[in-house]
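Work through the exercises below with the model open beside you. Try each task before you read its solution.

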Amino acid sequence: MSVFEGFKFRKVSSAIHNLDPRIKFFYVCVLFVMAILFNKLLALVVLFFIPLPFVFMARVKRQWLRSLRGAAFLAVFIFATNFIFGYFYPASFQEITPPIDTLVEYLIILERAAAMTLRFVVLIASFSVFFLTTSPDHLGLALQQSHIPYEFCFAFTTAVRFVPVLADEAQTIMDAQKARGLELERGNFIKRVRNYIPILIPLIVNAIRRSLELAEAMESRAWGASEKRTNLYTLKLKRADYLLVLVSVLMLVLAVYVWLYVHIPSLTALLSI
Amino acid sequence: MIEVKDLHFTYPTGIEALRGINLTIDDGEFLAVMGQNGAGKTTLVKHFNGLLKPTKGETLVNGVSTRDVSVAKLARNVGFVFQNPDHQLFSETVEDEIVFALKNFGFEEAVIEKQVDWALNLLDITQYRKTSPFMLSGGERKRVALASILAWDPQVIILDEPTIGQDHQQKEKLQQFILQLNAQKKTVIVVTHDVEFVAECNPRVILMSQGKILAEGIAKEILTNQKLVAQASIVPPQITQIFLELADLGLPTDVIDVHEATKILLDRLRERQ
C-alpha cells in the first residue's frame with residue numbers, strides 16, 4: 001500500500017507547496033510528455049533526476065521514496081513483460097536481426113526493457129511529487145478556475161481525497177483475510193494474483209457502498225442547489241509560478257529539439273565502442 | 001497462554017501506539033480491553049495473531065514469539081473477528097465464506113463439510129447457506145463473519161467491537177454466545193467501548209490510555225472507579241451512575257449489575273416497610 005502513501009498530500013510549509021497547482025500540473029505534464037517522447041535509457045535517466053530538486057525542496061523525500069518502493073512490483077512486471085516481448089518479437093528492434101544469438105542483441109533488449117521501466121518510474125516519481133505537495137482543496141480550486149464544470153471538479157477531488165481512505169481500508173481487509181489464513185505471497189504467479197480476489201471484492205463493494213452514502217449525504221446538504229457557486233479563496237499566480245512556467249517551457253522546447261535533431265546513443269552502443 | 005513483555009509498537013507514520021505493555025492472558029480466560037479511541041486497544045490485540053510485530057519487546061503465544069511465526073500459523077490458534085464484517089466478506093454464498101478459511105488451513109473435504117454445518121448451526125444462519133452474504137442485514141453479516149472464524153475452532157477468539165451496530169436483541173444473543181464460548185474453556189478477548197456489555201459479562205478488564213495499561217482487574221473494580229474511568233474517557237454503566245448519585249442515601253457505589261442493584265433496592269424498600 002506504500003505506493004498510495006506516495007500520493008497522499010503532506011502538509012508542509014515549503015516553496016513547492018505554495019506554488020500554484022495549475023503551474024505544478026503543467027510542469028508535471030511537461031515531464032510526462034518528455035517521458036513519452038524518449039525511449040532511450042540515457043534520456044530517461046536524465047529525466048529521472050529532474051523532479052529530485054522538487055522532492056528535496058518540498059521535504060517529502062521519505063514519502064516520495066515510499067511511492068517508488070510501492071511501485072517496484074509493477075516496475076518488475078513491466079521490465080519482465082518488455083523483455084519477454086522483445087525476445088519473442090525482435091522485429092520491433094532495428095538493430096537486431098533474428099534469431100537473437102549475440103550478447104549485444106540480448107543487451108539491446110535488456111536496455112529497452114530497462115528504459116520502459118524507467119519511463120514508468122519517471123511518471124510515478126513526477127506525479128507523486130505533484131500529489132504530495134498539492135492539497136485536494138487546491139486541486140479542486142485549480143480545476144474550477146480552469147473553467148471545468150464544478151461537478152467534474154468535485155468528482156475528481158473526491159476521488160483524490162479518497163485514495164488514502166481506500167489504502168487504509170485495503171490494509172484492514174488484508175489483515176482480516178490474513179487472520180483467516182490467507183497467505184498473499186504463497187503459490188505461483190497465477191495463484192498469487194488470485195490471492196488478491198478476497199482483497200479486491202470487499203474493497204470494491206465498500207467503495208461503491210461509500211460512494212452511494214456520500215451521494216445521499218451531499219444531496220441532503222443541497223448539493224447543486226445553486227447554479228453559481230462562490231469560493232472563499234481564489235488562486236493568483238506569483239513570481240515563483242511564472243519562473244516555473246518559464247523553466248517548464250524551456251525544458252519542453254529543449255526536449256523537442258533533442259528529440260528532433262539530436263541522436264541519443266544507446267548504452268549498449270556506447271559500451272560496444 | 002498469551003504473554004506480552006514490554007511491548008512497544010510504533011506505526012510507520014511515527015505514531016507510537018503502544019508504550020511498554022506487560023500482560024499475561026491465561027488459557028480459558030475472558031478478557032475485555034477497554035479505553036478511549038486511539039488508546040491502542042486494537043493495536044495490542046493485533047499482536048496476538050501476528051498481524052503486527054513488536055517494535056520493541058515481545059508477544060508470546062503458547063511460548064512462541066509472534067516474530068518467528070507467520071500470521072497464517074498463529075491464526076490457526078488465534079481467531080480474530082474484525083469490527084466491520086464488510087472488510088472480509090467476498091464470497092458468492094455464506095457457505096463459501098465459511099469454507100474459505102478452512103481451505104486456507106488445509107482441512108480435508110469431509111472435515112470442511114462437518115465444520116461448515118456446525119458453524120452455520122452455531123450462529124443460527126443455516127437458512128442463509130446458499131445466500132449471498134451481501135444480501136444479508138448488518139447483524140446477519142456480523143454472524144457470518146463470526147461463523148467464518150469459529151468454523152476452524154480456534155483456542156483463542158478475539159472480537160473487535162462486537163456490539164457495534166447490533167440491536168438490543170442481537171447484543172443479548174451475542175453476550176450469551178460469548179459467555180458460552182468461555183464456558184467451553186475458550187480464551188475470549190473482547191475489545192470494546194461498551195460498558196453495559198462489560199458490566200453484564202463481568203470479565204477481567206484491562207483499561208488502556210495513550211498506549212499504556214492504566215489499570216487491570218475485575219469489571220466491578222474498574223468500572224466503579226470514577227477516577228480511572230474518567231482518565232480513560234469512558235463513563236460507568238448507567239446503573240453504577242444511578243447508585244453513585246444516590247450514594248448520600250447510603251447506597252453502595254460499586255454496583256454494576258442490574259440484578260444486584262434490584263436486590264439492594266428491594267431490600268431497602270422492605271426495610272422501610
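**Exercise 1: Domains of chain A**

The C-alpha centres of domain 1 of chain A and domain 2 of chain A lie 27 Å apart. This is a predicted model: local features need pLDDT of at least 70, side-chain atom pairs count only at pLDDT 80 or more, and totals for chains, interfaces and linings use all residues. Residues are numbered from 1 along each chain as its sequence is written, while chains are lettered from A and ligands numbered from 1 in the order in which they are written.

Task: find the bounds of the two domains of chain A and describe the contact.

Step 1. Domain 1 of chain A covers 1-134 + 237-273, and domain 2 covers 136-234. The bounds come from an automatic or database domain assignment.

Step 2. Domain 1 of chain A gives nine residues to the contact, and domain 2 of chain A gives ten. Two residues are in contact if their C-beta atoms, placed from the backbone, lie within 7 Å.

Step 3. On the domain 1 side, helix α2 (residues 21-37) of chain A makes the largest share, three residues. Helices (H or I, at least four residues) and strands (E, at least two) are DSSP runs, numbered from the N terminus.

Step 4. Sort that side of domain 1 of chain A by class: six nonpolar, one polar and two charged residues. Ala, Val, Leu, Ile, Met, Phe, Trp, Tyr, Cys and Pro count as nonpolar, Asp, Glu, Lys and Arg as charged, and the others, Gly among them, as polar.

**Exercise 2: Domains of chain B**

Step 1. Seven residues of domain 1 of chain B and seven of domain 2 of chain B form the contact.

Step 2. On the domain 1 side, α7 (195-201) and α8 (219-223) of chain B each give two or more residues. By class, this side of domain 1 of chain B holds four nonpolar, one polar and two charged residues.

**Exercise 3: Where the chains meet**

Task: describe the side of chain B that touches chain A.

Step 1. Count the residues: 18 of chain B are in contact with 16 of chain A.

Step 2. Locate them. α2 (71-75) and α3 (94-104) of chain B each supply at least two residues of this side.

Step 3. Classify them: twelve nonpolar, five polar and one charged.

**Exercise 4: Strands of chain B**

Task: which strands of the open four-stranded sheet in chain B stand at the edges?

Step 1. Write the order, β2-β1-β4-β5 (chain B), with antiparallel pairing. Two strands pair if DSSP finds at least two bridges between them.

Step 2. β2 (16-25) and β5 (64-65) of chain B each have a single partner strand, so they stand at the edges, and one side of each lacks a neighbour in the sheet.

Step 3. Check one pair. Strand β4 (residues 56-61) of chain B joins β5(B) over two antiparallel bridges. B:V61 stands opposite B:V64 in β5(B).

Step 4. Now take a parallel case: β6(B) pairs with strand β7 (residues 156-160) of chain B over four bridges. B:G79 stands opposite B:I157 in β7(B).

Step 5. Inspect both faces of strand β6 (residues 78-81) of chain B. B:V78 and B:F80 on one side are buried, as are B:G79 and B:V81 on the other. A residue is buried if 20 or more other C-beta atoms lie within 10 Å of its own, exposed if 12 or fewer, and partly exposed in between; C-beta atoms are placed from the backbone.
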